[in-house]
Amino acid sequence: CLGLLALPALAEPWDCRFTAECTLAEGCMETGLTLRIIAADHAGDLFVSTVTGDSPVLRLTAQGALPASYAGAAREGMAELLTIETDSTALMTVHLFDGAASAITYFGTCEGLT
């Protein structure tokens, strides 16, 4: 029976939900940010997909292993770093550098999609 239990996915795609957003100026507050890490093209390139669009990312860690880390330049003036831990908790930092530099850190979880 134990062999029938589904094991967590260790690679893309990921479905992530963040419940806390923190900034230096305002501290932490609740949020409902969702995103996916997907291979959205035929070349297998990876993207962060949100309601505002898809942004290319690179996987910084070995395929099929956790923790998994991804980094990319989302849009002009913004860069992202996402790490998914072995227990599915996730941490994402968004760096804003268009004007005064700042950062937003998100805390949540990511689940592998099959």
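Strands here are DSSP runs of at least two residues, numbered from the N terminus. On that numbering, Leu24 sits in the loop that links β1 (14-23) to β2 (27-30). The structure is a predicted model, with a mean pLDDT of 87 and 90% of residues at 70 or more. A search of the whole structure returns two disulfides, and the largest pocket has a volume of about 220 Å³.

**Confidence**

- Residues 1-8 have pLDDT under 50 throughout, and the model gives this stretch zero contacts beyond four places in sequence.
- For the protein as a whole, the mean pLDDT is 87.

**Disulfides**

- A disulfide is a covalent bond between the sulfur atoms of two cysteines.
- With bonded cysteines counted along the chain, the disulfides follow the pattern 1-4, 2-3.
- Cys16 is bonded to Cys110, with an S to S distance of 2.0 Å.
- Cys16 belongs to strand β1 and Cys110 to strand β9 (residues 102-112), so this pair ties together parts that are 94 residues apart in sequence.
- The S-S torsion of Cys16 and Cys110 is about 110 degrees, which makes the disulfide right-handed.
- Both Cys16 and Cys110 are buried.
- The other disulfide is formed by Cys22 and Cys28, whose sulfur atoms are 2.0 Å apart.
- For Cys22 and Cys28 the torsion about the S-S bond is about 110 degrees, so this disulfide is right-handed.
- Cys22 counts as buried because its relative accessibility is 13%, under the 20% cut-off.
- Cys28 counts as exposed because its relative accessible area of 57% is over the 50% cut-off.

- The C-alpha atom of Leu24 is 7.7 Å from that of Ala103, a residue 79 places away along the chain.

**Largest pocket**

- The volume of the largest pocket is about 220 Å³.
- The pocket is lined by 15 residues, of which Leu33, Thr50, Thr52, Arg75 and Tyr106 are the closest to its centre.
- Two or more lining residues come from each of β3 (34-39), β4 (46-50), β7 (78-84), β8 (89-96) and β9.
- Strand β8 gives the largest share of the lining, three residues.
- By residue class, the lining divides into 10 nonpolar, three polar and two charged residues.

- Thr93 is located in strand β8.
- Thr93 counts as buried because its relative accessibility is 17%, under the 20% cut-off.
- Apart from neighbours within four places in sequence, Thr93 contacts Ala79, Glu80, Leu81, Ala103, Ile104 and Thr105.
- Ser69 is found in strand β6 (residues 68-72).
- Ser69 is buried, because its relative accessible area is 12% and the cut-off is 20%.
- What does Ser69 touch, not counting residues up to four places away in sequence? The residues in contact with Ser69 are Leu58, Arg59, Leu60, Thr61, Leu82 and Thr83.

Notes. Residues are numbered from 1 along each chain as its sequence is written. This is a predicted model: local features need pLDDT of at least 70, side-chain atom pairs count only at pLDDT 80 or more; totals for chains, interfaces and linings use all residues. Side-chain values use heavy atoms; hydrogens and water are left out. Helices (H or I, at least four residues) and strands (E, at least two) are DSSP runs, numbered from the N terminus. A disulfide is a pair of cysteine sulfur atoms within 2.5 Å. Buried means under 20% relative accessible area, exposed over 50%, partly exposed in between (1.4 Å probe, protein chains only). On a 1 Å grid over the protein atoms alone, a cavity is a set of points where a 1.4 Å probe fits but cannot get out, and a pocket is an open set with protein on both sides within 12 Å along at least five of seven lines; lining residues have an atom within 4 Å of a point. Grid points are joined across faces, edges and corners, and a volume is the space filled by probe spheres set on the points. Ala, Val, Leu, Ile, Met, Phe, Trp, Tyr, Cys and Pro count as nonpolar, Asp, Glu, Lys and Arg as charged, and the others, Gly among them, as polar. Contact means heavy atoms within 4.5 Å. pLDDT is the predictor's confidence in each residue, from 0 to 100.
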